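Subject: Handover of a structure and notes on its contents

Dear colleague,

Please find below the structure that I am handing over to you. My notes on what was found in it follow after the display.

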Amino acid sequence: MSKDDNSVHIFQGLLILGNVVIGMCGIALTAECIFFVSDPHGLYPLLEATENDDIYAAAWIGIFVGFALFSLSVLGITGVIKSNKTLLLVYIILMLITYAFEMASCITAATHQDFLTPNLFLKQMLERYQKMETDNNNDKWMSEGVTKTWNNLMLQNHCCGVHGPSDWQKYASAFRSSYNDADYPWPHQCCVMDARGSPVNLDGCKLGVPGYYNSNGCYDAISGPMNRQAWGVAWFGFAILCWTFWVLLGTMFYWSRIEY
């Protein structure tokens, strides 16, 4: 392939443009995954207590992949400009490895959404919320994390339980074994609060008087942010993979035509 051929320069320009887009996407993917693992909604303790937090592992992989894509895009641009066969070979090999990692991250994030069912969080809430007797330090630490997270969820989102306040009455729970039904039909965090953070009418809340307790469940407040973030990690990653595939294919073709 002659380096003076206009078609070669056009092809080089396309490969450079493709790598510029990959680099920008890598920065965006890293930023998105950092936002995810920073747990802005404070929901990580709920997933950690289920002993299945693979969705966060997928995000950590995404951070590594995003940085790798940016670095490799610089390498690829340099290799194309210099028409250096060695640099491009290193680029192709490392990009294939990075591609495999990102594919694993995308698949993990996409399939993990099916794991976030109401019954999963209901079982966890009933077993761990306000659990006084714990088996070991790890169990105590997880139960405290679940309790704190649920308290914040119910107060901030004005909700109660997974499906609603009836969760605390229909099922046996660690909370029910610690508090009697008359004084605590459900946690006081289910009550409508005033500006000072106290129940507007505690007796009305206990009796289930409309307007004094939150009748809606918290499942949407849990699944909504998690599903949106998992969707972002998965499908943005897939979009990057689709674009990278064609750039990588073009680079392989260009590499095969470079003369030493």
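**Overall architecture**

From the N terminus on, the elements of the chain run α-α-α-α-α-α-α-α-α-α. In total the chain holds 10 helices and 0 strands; helices (H or I, at least four residues) and strands (E, at least two) are DSSP runs, numbered from the N terminus. Please note that this is a predicted model, in which local features need pLDDT of at least 70 and side-chain atom pairs count only at pLDDT 80 or more, while totals for chains, interfaces and linings use all residues. Residues are numbered from 1 along each chain as its sequence is written, and side-chain values use heavy atoms, with hydrogens and water left out.

The C-alpha trace spans about 85 × 35 × 25 Å along its principal axes. The radius of gyration of the chain is 26 Å, whereas a compact globule of 260 residues would have one near 18 Å. This radius is taken over C-alpha atoms, and the globule rule is 2.2 Å times the number of residues to the power 0.38.

The accessible surface comes to about 13400 Å², and 62% of it belongs to carbon and sulfur atoms. Accessible areas come from the Shrake-Rupley method with a 1.4 Å probe; for residues, only the protein chains shown count as cover. Of the 260 residues, 43% are buried. Here buried means under 20% relative accessible area, exposed means over 50%, and partly exposed lies in between (1.4 Å probe, protein chains only). Among contacts (heavy atoms within 4.5 Å) between residues at least 6 apart in sequence, 72% join residues at least 24 apart.

Helix α3 (residues 54–82) has 29 residues and reaches 41 Å from its first C-alpha to its last, close to the 42 Å expected at 1.5 Å a residue. The expected span is 1.5 Å times one less than the number of residues. Just after α3, serine 83 takes a positive phi of about 50°.

Phenylalanine 70 lies in helix α3. Because its relative accessible area is 36%, phenylalanine 70 counts as partly exposed. Not counting residues up to four places away in sequence, phenylalanine 70 touches Gly23 and Ile27. Its C-alpha atom is separated by 16 Å from that of alanine 239, which is 169 residues away along the chain.

Helix α4 has 28 residues and reaches 40 Å, close to the 40 Å expected. Its buried residues include Leu88, Tyr91, Ile92 and Met95. Against which helices do the buried residues of α4 pack? They pack against α1, α2 (44–49), α3 and α10 (219–257).

**Aromatic rings**

A search of the whole structure finds 15 aromatic pairs. Rings of Phe, Tyr and Trp (its six-membered ring) pair if their centres lie within 6.5 Å; planes under 30 degrees apart count as stacked, over 60 as edge-to-face and the rest as tilted. The rings of phenylalanine 36 and tyrosine 56 have their centres 4.7 Å apart and their planes at 40°, so this pair is tilted. The pair links distant parts of the chain, with phenylalanine 36 in helix α1 (residues 6–37) and tyrosine 56 in helix α3, 20 residues apart. Both phenylalanine 36 and tyrosine 56 are buried.

Phenylalanine 64 and phenylalanine 101 form an edge-to-face pair, 5.5 Å centre to centre with 75° between the planes. Phenylalanine 64 lies in helix α3 and phenylalanine 101 in helix α4 (residues 85–112), so the pair ties together parts that are 37 residues apart in sequence. Phenylalanine 64 is partly exposed at 44%, and phenylalanine 101 is partly exposed at 40%.

One aromatic cluster is formed by Tyr129, Trp168, Phe175, Tyr179 and Tyr184.

Threonine 149 has its place in helix α6 (residues 137–157). Threonine 149 is buried because its relative accessible area is 6%. Leaving aside neighbours within four places in sequence, threonine 149 is in contact with Gly42, Leu43, Pro45 and Leu46.

Most residues other than glycine have a negative phi. Glutamine 130, however, has a positive phi near 55°, and is found in the loop between α5 (118–128) and α6. Histidine 158 has a positive phi near 50°, and is found in the loop between α6 and α7 (167–170).

Yours sincerely
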